[in-house]
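Visitor: I'm new to reading protein structures. Could you walk me through one?

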Amino acid sequence: MLSIIKEFADNSETLKEVRSNVEEMSSIKEIGIYIGLFILLIIILKIFGYIFMIYSPIKEDIFVTLGRFIIVPFVIYFYVTKIEKRSWRSIGFSKGNGISSTLKGLLFGFLMFSAVVAIGMLLGQFRFEGYDLSSLILVIPYFILFAIQCFSEEMYARGWTITYFFKRHSIFLAMVINCIVFALPHLFSPGIDLLSIVNIFIVGMVFAVIFLRFDNIWVCGGVHTAWNFSQGIILGFNVSGYTTPSIMKFSQVGQNLINGGAFGPESSLITTAVFIISLIIAVYYPNSKN
């Protein structure tokens, strides 16, 4: 598996530019710069969250939490193109295949979460409670917000973090750091527990492999969006601890390690299994690029 992942990295157009004209730098300075920039990004997100809360038409926590991410692409774009002096392509924004790659990712993400629900239903861990068609009016606004939030996370966790550390280190170290960085902001989510963190780390690796395998950020952004959107707005489960409006209503039968607790199905052993299977598929799926 590791040799295949390395082959993805070696053949990646996204990564080719990253190692050109790399400035010599000590590891302490490199890590210090990254931590400083990451903290700055979090501060900007916090500030913009307060601004968004004031002007948001909907005051629900999840709406504001998602909406504030609209600032992230601008921050990442400015830093990558103006400070690091590299192209938008070098963080995974390939040209000519954005729509097709995103649709492919949306399908894979929907299938991933559908598998979680199907297994949970078969095991008697999830229960269908009914519909709430009044939430249909919120489908498009929330889909847009989930897309903004998920693509923003992909931009800083995959597009920027992986490429930043790949400059001077192996792809595997860059991927591990990416998983840690992806998990860190979730530590403050409602209902977080150890299994939630483990699952977030694993899915971070899934997204990283997808990023390398398809050589763009569109596919992993689509997977991430479909996962969160299906989980919350379509099926009514908590998304990383947050409750959203939903068209269908599913509930967990009790709260345990099999179905997840207050954090939602992302904190379940069912999801652990689906993520591991998804990682294997992402590595061994026969078509390498779109």
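Guide: Let's talk through helices, cysteines and a couple of backbone angles.

Guide: This is a predicted model, where local features need pLDDT of at least 70, side-chain atom pairs count only at pLDDT 80 or more, and totals for chains, interfaces and linings use all residues. Residues are numbered from 1 along each chain as its sequence is written, and side-chain values use heavy atoms, with hydrogens and water left out.

Visitor: How do I describe two helices that pack together?

Guide: You give the angle between their axes and the distance between the axes. Helices (H or I, at least four residues) and strands (E, at least two) are DSSP runs, numbered from the N terminus. Axes are lines fitted to C-alpha atoms, for helices over the stretch in contact, with angles from 0 to 180 degrees between N-to-C directions. Here, the axes of α7 (residues 139–166) and α8 (residues 171–183) come within 8 Å and cross at roughly 145°.

Visitor: Which kinds of residues make the contact of α7 with α8?

Guide: Contact means heavy atoms within 4.5 Å. On the α7 side you'll find Tyr156, Ile162 and Phe165, among others, and the α8 residues include Ile177 and Val181. The contact divides into 10 nonpolar, two polar and two charged residues. Nonpolar covers Ala, Val, Leu, Ile, Met, Phe, Trp, Tyr, Cys and Pro; charged covers Asp, Glu, Lys and Arg; the others, Gly among them, are polar.

Visitor: What about α3: which of its residues are buried?

Guide: Buried means under 20% relative accessible area, exposed over 50%, and partly exposed in between (1.4 Å probe, protein chains only). In α3 the buried residues are Glu30, Tyr34, Phe38, Leu41, Leu45, Gly49 and Phe52. They pack against α4 (61–67), α5 (72–83), α7 and α8.

Visitor: How many disulfides are there?

Guide: A disulfide is a pair of cysteine sulfur atoms within 2.5 Å. Searching the whole structure turns up zero. Take Cys150: the closest cysteine sulfur, in Cys220, is 11 Å from its own, so that is too far for a bond. Cys150 is buried, at 0% relative accessible area, and Cys220 also counts as buried, at 0%.

Visitor: Where is Lys85, and what is its phi?

Guide: Lys85 sits in the loop between α5 and α6 (98–122). Its phi is positive, about 60°, although Lys85 is not a glycine. Ser240, another residue other than glycine, has a positive phi near 50°, and lies in the loop between α10 (218–234) and β2 (248–252).

Visitor: Are those two buried or exposed?

Guide: Lys85 is exposed, with a relative accessible area of 65%, whereas Ser240 is buried, at 11%.
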